[in-house]
Amino acid sequence: QQEVVRRVRDAESEPVEGRVAVMKHIFSAMVRPALHWLFLERFPHPEAALQRRRAFSASLAAASAAGHVVGLGDRHLSNVMMVPSMGEVVHIDFGVSFEQAALLHTPELVPFRLTRDLTAAMGAGGVEAGFRQGLEASLASMRAAPSALGAVIGVVLDDPLCKWLADGRQRMLWQARMEEEERIRQLERERGRSVAGRSMSVAGSVLRAARGAEADEDAEAGAESAGSSEADEAAGPRYEAEEDGGSPPAERDTLAPEALAARRGAATAARLAAAAVANAGAFAGGEAEARARKALSRCQEKLQGHESLLQRDLDPAAQCRFLIEQATDMRHLAVLYRGWQAWM
């Protein structure tokens, strides 16, 4: 897994075609599907194994259809669970809904998780072994009762949806922090020095500051405007360039590479935290409700078969076909955040 993650990380600066080539190499030479072995090991009797595979395909199809309608994202491996005794799929962590995944630092381009490991677990027929039929039936069922589904989803209009939107932006900070921690761990392995604790504690302080900044934003704004000149004089020269990591040139020259990397990560996290707080404040008042209604109207559009400007008024079968193509498109999988583990 470490070698796979390294290859994916190294390819992130390449164009889409290069990242697709790396993903194809991972598929063909480095990672094989493994989930299907669970059905063979737990259910040695063919009839029992077939029943569990059908339950797996049907539950995955229903969850995928519902998740797509509400714009559920962040479907990495830790958020897609399975009940081994029944073979049914259970989704958890619905914090990234209403297409907030498109706002992440690395946007998600797939409607739901349908990776090679999942399709292999369905059996020799893949998506044709019950998943396509289940997805189409689920979409048709939701279309048949749009008012009931709309009433359930509409409850969020009375909730502080602006917080949901802010959480989506905070995921940008989370992704950046995970990337920086991974960089620190890589430096530890290469140089044998421990700087992760210092970097993570700094990142934790940034997160705590981001949570508290929104509460006293107005008070801080007043204080800053009143005493900005005195603070600037007392603070002396400032070094905020990303390549500097916020360090004075003389100090930067004496820092070990690991410590400099830690400071760079902390500076990046601080900027992202400030951006997240600023964006969260933009959703106060009536704008939050307007954005909420826009998000819910997008759910209604999906129930009517409107997937894009070029894909409109699709019947359930055509919509199902379009979604499966999008979810399995290698050009989409290759550019996902590496923590999503699209190769599994």
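User: Is Cys320 buried or exposed?
Analyst: This is a predicted model, and the values here are computed from it. Buried means under 20% relative accessible area. Cys320 has a relative accessible area of 1%, so Cys320 is buried.

User: What is the average pLDDT of the protein, and which stretches have a pLDDT below 50?
Analyst: The protein averages a pLDDT of 75, with 61% of the residues scoring at least 70. Residues 193-221 have a pLDDT below 50, and this stretch has 31 contacts in the model beyond near neighbours in sequence. Where pLDDT is low, the predicted coordinates should not be read in detail. The other stretch to list, with 14 contacts beyond near neighbours in sequence, is residues 275-284.

User: How many helices and strands are there, and what share of the residues is buried?
Analyst: The protein has 15 helices and 2 strands. Among contacts with a separation of 6 or more, residues 24 or more positions apart account for 73%. Of the 344 residues, the buried share is 41%.

User: Which residues of helix 14 are buried, and which residue caps its N-terminal end?
Analyst: Helix 14 covers residues 316-328 and reaches 18 Å from its first C-alpha to its last, close to the 18 Å expected. Its buried residues are Pro316, Ala318, Gln319, Cys320, Phe322, Leu323, Ile324 and Ala327. At the N-terminal end, a side-chain oxygen lies 3.1 Å from the backbone nitrogen of Ala317, and the capping residue that supplies this oxygen is Asp315.

User: Which residues touch the most other members of the largest nonpolar core?
Analyst: In soluble globular proteins, nonpolar side chains tend to be buried together. The largest nonpolar core here holds 33 residues. Helix 4, helix 5, helix 6, helix 13 and helix 14 each supply at least two residues of this core. The members that touch the most others are Phe56, Leu60, Leu114, Phe131 and Leu135.

User: Which residues does Leu135 touch, leaving out those up to four places away in sequence?
Analyst: Leu135 is one of the residues that touch the most other members of the largest nonpolar core. Two of its contacts, Cys320 and Ile324, are buried residues of helix 14. With residues up to four places away left out, the list is Ala61, Ser64, Ala65, Phe112, Cys320 and Ile324.

User: How far apart are the C-alpha atoms of Leu333 and Arg19?
Analyst: Leu333 is in helix 15, residues 330-333, and is buried because its relative accessible area is 6%. Leaving out residues up to four places away, Leu333 touches Met23, Val110, Ala327, Thr328, Trp340 and Ala342. Leu333 and Arg19 are 314 residues apart along the chain, yet their C-alpha atoms are separated by 9.4 Å.

User: Which residues does His332 touch, leaving out those up to four places away in sequence?
Analyst: His332 is placed in helix 15. With a relative accessible area of 15%, His332 is buried. Its contacts, not counting residues up to four places away, are Leu109, Val110 and Gln326.

User: Why does the end-to-end distance of helix 4 agree with its number of residues?
Analyst: At 1.5 Å a residue, the 24 residues of helix 4 should span 34 Å. Gly71, with a positive phi near 65°, follows this helix.

User: What is the C-alpha distance between Ala55 and Phe131?
Analyst: Ala55 is in helix 4. Neighbours within four places aside, Ala55 is in contact with Met86, Gly87 and Glu88. Ala55 and Phe131 are 76 residues apart in sequence, and their C-alpha distance is 9.8 Å.

User: Is Asp313 buried or exposed, and is Phe98 buried or exposed?
Analyst: Most residues other than glycine have a negative phi, and most peptide bonds are trans. Phi is positive, near 55°, for Asp313 in the loop between helix 13 and helix 14, and also near 55° for Phe98 in the loop between strand 2 and helix 5. At 60% relative accessibility Asp313 counts as exposed. At 15% relative accessibility Phe98 counts as buried.

User: How many disulfides are found in the whole structure?
Analyst: Cys299 counts as buried, at 3% relative accessibility. Cys320 is buried as well, at 1%. The search of the whole structure gives a disulfide count of 0.

Definitions and conventions:
Residues numbered from 1 in each chain as written. Predicted model: local features only at pLDDT ≥ 70, side-chain atom pairs only at ≥ 80, totals over all residues. Heavy atoms only, no water. pLDDT = per-residue confidence, 0-100. Contact = heavy atoms within 4.5 Å. Helix = DSSP H or I, 4+ residues; strand = E, 2+ residues; numbered from the N terminus. Expected span 1.5 Å × (residues − 1). Buried < 20%, exposed > 50% of the residue type's maximum accessible area, 1.4 Å probe, protein only. Polar contact = N/O pair within 3.5 Å; in protein donor to acceptor, adjacent residues only side chain to side chain. Core = buried A, V, L, I, M, F, W, Y, C linked by side-chain atoms within 4.5 Å. Disulfide = S-S within 2.5 Å.
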